[in-house]
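Subject: Structure for your files

Hello,

Here is the structure you will be working with. My notes on it follow below.

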Amino acid sequence: MNRRNLLLGTALCAGTAALIGFAAPAPAQSPKIKVGFMLPYTGTYAALGNAIENGFRLYVDEQGGKLGGREIEYVKVDDESEPSKATDNVNKLIKRDNVDVLVGTVHSGVALAMAKAAKDSNTILIVPNGGADAITGPMCGVNIFRSSFSNWQPAYAMGEVAAKKGAKKAVTITWNYAAGTESTNGFKEAFEKGGGSVVKALNLPFPGVEFQALLTEIAATKPDVVYAFFAGGGAVKFVKDYAGAGLNRSIPLYGPGFLTDGTLDAQGDAAQGMFTTLHYADGLNTPRDNAFRLAYAKTYKLQPDVYAVQGYDAAQMLGIGLKAVNGDVTKKPEFAAAIEKAKIDSPRGRSRSARRTTRCRTSICARWWGKRTSWTGSRSRRSPIRPGAARADLPHRSFPLWGKER
Ligand code: BEZ
């Protein structure tokens, strides 16, 4: 008997009892929806995992603790950003804890394992970060959703920025796993289309932070720009080491906004002069984003970042889906159709999603990190759409030029 049958059965039993004169038992509590967070709570991505959970819980709390009329209950697994443990970890949530919905994760490699397990077990999965292109491409299914981005998206935008700024020779540097590879490939694709050339692609194993030998190689290569994908604790160390080696004085450092989001305070002056591109920025200054930022800061005594927004939006997606099926998670096609149709009122701006989505029309903001950090440009752009492309319509702020420092 599924949960919906259980509910109907309980209601009928209560009615019969009343009819024959016995005191009716108190109406059974509607079973809760069990959400399984599989996120990194330790390691280089720990802060990202916590921000996602905070954002998710904030939205649910704003709805009085219920989505689609069902109370939400949480169970958690620390995935440690460790792909080799991912299948076991996700199966703890699916098989041991019997979760209705999986939410996770940050690391693309772990997210890919989650997507496979979700597909095999037909469990709803909402990915609130992990950008592996395949998750919303070939691996996508009627039960799989993502509230974030594909690794290609912000990377491609930065390749355009770098080429438009006149750079000809770039070096890329990253961790050697799906996110790093897809991000640096996205940068290369746009940069080379714009007339530049990636002359060296450097990498190190995740989550290593021994950057010195690679920084020496960058200094010897003398590129016009460096494009780096790192995030969390590793991004703090990389940006500090880059500045510590004096490279920031001669070779501008570019990257997706993960290089600075949630890490800027810890990077301090080392982040001066960097350029980043992302689908969210804390200076949006829209009523929706301001309300979100205030609520988050009041609740957690922390400033939100892109990861918190993605967690918040994951909860919104779940709410939309559950409402459409009256809390019955077994109705996967109806659940998915509702999410697909909806305009999500994200702090990033109203957004829509589409089935099997990897490349998209989206607004990416380019920011230069200076003494008075500011937006330097934002543009709604239409990227080449391959089969399975995504759409996200974000608020569009126009600035005259990409990449013009102010
Ligand atoms: C990823 O593994 O997909 C990822 C991790 C951190 C930030 C962005 C992407």
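A residue is called buried here if its relative accessible area is under 20%, exposed if over 50%, and partly exposed in between (1.4 Å probe, protein chains only). By that rule, 57% of the 406 residues in the chain are buried. This is a predicted model, in which local features need pLDDT of at least 70 and side-chain atom pairs count only at pLDDT 80 or more, while totals for chains, interfaces and linings use all residues. Residues are numbered from 1 along each chain as its sequence is written, and side-chain values use heavy atoms, with hydrogens and water left out.

The chain has twelve helices and 16 strands; these are DSSP runs numbered from the N terminus, helices being H or I of at least four residues and strands E of at least two. A contact means heavy atoms within 4.5 Å. Among contacts between residues at least 6 apart in sequence, 69% join residues at least 24 apart.

Lys34 sits in strand 1 (residues 33–39). A polar atom of the Lys34 side chain lies 2.7 Å from the backbone oxygen of Asp97. Not counting residues up to four places away in sequence, Lys34 touches Glu73, Asp97, Asn98, Val99, Asp100 and Val101.

Asp241 is in helix 8 and counts as buried because its relative accessibility is 14%. Leaving aside neighbours within four places in sequence, Asp241 is in contact with Val209, Phe211, Gln212 and Leu215. The C-alpha atoms of Asp241 and Ala270 are 8.4 Å apart, with the two residues 29 apart along the chain.

On a 1 Å grid over the protein atoms alone, a cavity is a set of points where a 1.4 Å probe fits but cannot get out; a pocket is an open set with protein on both sides within 12 Å along at least five of seven lines, and lining residues have an atom within 4 Å of a point. Points are joined across faces, edges and corners, and a volume is the space filled by probe spheres set on them.

The largest pocket holds about 560 Å³. Of its 28 lining residues, Gly262, Thr263, Gln303, Pro304 and Asp305 are closest to the centre. Helix 2 gives the largest share of that lining, six residues.

There are three cavities of 30 Å³ or more, and the largest cavity has a volume of about 80 Å³.

Regards

Definitions and conventions. A polar contact is a pair of N or O atoms within 3.5 Å; within protein, one must be able to donate a hydrogen and the other to accept it, and residues adjacent in sequence count only if both atoms are side-chain atoms.
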